[in-house]
Amino acid sequence: VVNDGAEAPAVVMGLSGKPEQLLHIPSVLSARCPVIKRFTGGGTVVVDEDTLLVGLVCGDSVAEDVPRFPRHLMEWSEEVYRSVFGQEFALRENDYTSGEFKFGGNAQSISKRRFVHHSSLLWKFSPDRMALLKNPAKQPAYRRRRDHTEFLRPLHQIMPHHSRTQVVEKLCTTLPYAMGATEIQETSLDKAEEFLKHDHHVSTRILSEEDLDAALQRKL
């Protein structure tokens with residue numbers, strides 16, 4: 001599943017993330033930026049119209065020889081995405097990087113027979129929106145406490161000879177074959193949304209202002 005940009009800016013946190021530790025809450029409230037807790041773990045990201053959102057929804061026939069554990073699946077994803085981003089691309093801890101710079105973050109949900117690996121890839125980013133996030137206490141060693149503007153490099157700089165449309169098309173056409181598909185079948189959004197009518201566990205939620213105020217009080 002490839003979404004070419006989010007409909008509106010939002011902060012998206014991992015399931016166990018604590019707003020008071022990860023966000024500048026007064027700034028988030030002032031900007032009236034929604035804060036979403038997703039159903040997977042991982043770090044906190046800002047998504048907006050310049051974020052490419054990719055979800056690999058995989059059954060047990062995909063990557064059959066890869067153990068269903070986070071680290072193994074992350075390493076598998078590195079090989080899959082290298083077909084899109086080339087040899088300069090690397091997985092560093094849980095980040096997608098080019099050299100010393102991050103351009104993508106990831107999270108996973110793993111069950112007995114299926115897994116979801118989803119990524120947010122920065123085509124561009126807004127420094128003002130990134131400033132809503134704190135420099136987290138827990139971070140990969142290669143970040144070296146750099147703030148977001150020094151730590152991130154968007155894809156339009158990493159791939160200057162590719163347009164955004166070309167990158168999205170490459171994601172759509174290259175990823176399935178890199179995952180082992182023999183053919184690609186397109187479907188409509190309406191047909192895909194039919195699956196949401198089936199019974200399923202829902203844990204993703206939008207935090208209310210009351211939730212954020214309570215988190216701010218915990219910090220105080």
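Predicted model: local features only at pLDDT ≥ 70, side-chain atom pairs only at ≥ 80, totals over all residues.

Biologist: Is Gln108 buried or exposed?

Modeller: Gln108 is found in strand 8, which comprises residues 101-110. A residue counts as buried when its relative accessible area is under 20%. The value for Gln108 is 15%, so Gln108 is buried.

Biologist: Which residue has a side chain joined to that of Gln108 by a polar contact?

Modeller: Setting aside neighbours within four places in sequence, Gln108 is in contact with several residues, including Thr40, Pro70, Val116 and His117. The polar contact between side chains has a length of 3.2 Å. The partner of Gln108 in this polar contact is His117.

Biologist: How many bridges join strand 8 to strand 9?

Modeller: Strand 8 and strand 9 form a hairpin with four residues between them. The two strands run antiparallel, and Ser109 stands opposite Val116 in strand 9. The number of bridges joining strand 8 to strand 9 is seven.

Biologist: Which residue in the turn between strand 7 and strand 8 has a positive phi?

Modeller: Strand 7, residues 95-98, pairs with strand 8 in the antiparallel sense over four bridges. One of the pairs places Asp95 with its bridge partner Gly105 in strand 8. The two strands form a hairpin with two residues between them, and the residue in the turn with a positive phi, about 65°, is Gly99.

Biologist: How far apart are the end C-alpha atoms of helix 7, and what span should its residues give?

Modeller: Helix 7 covers residues 164-178, a total of 15 residues. The expected span is 1.5 Å times one less than the number of residues, and therefore helix 7 should span 21 Å. The end C-alpha atoms agree with this, as they are 20 Å apart.

Biologist: Which strands stand at the edges of the open sheet of four strands?

Modeller: The open sheet has the order 4-2-3-10, with mixed pairing. Each edge strand has a single partner strand, so one side of each is left without a neighbour in the sheet; the strands concerned are strand 4 and strand 10.

Conventions
Residues numbered from 1 in each chain as written. Heavy atoms only, no water. Buried < 20%, exposed > 50% of the residue type's maximum accessible area, 1.4 Å probe, protein only. Polar contact = N/O pair within 3.5 Å; in protein donor to acceptor, adjacent residues only side chain to side chain. Contact = heavy atoms within 4.5 Å. Pairing = 2+ DSSP bridges.
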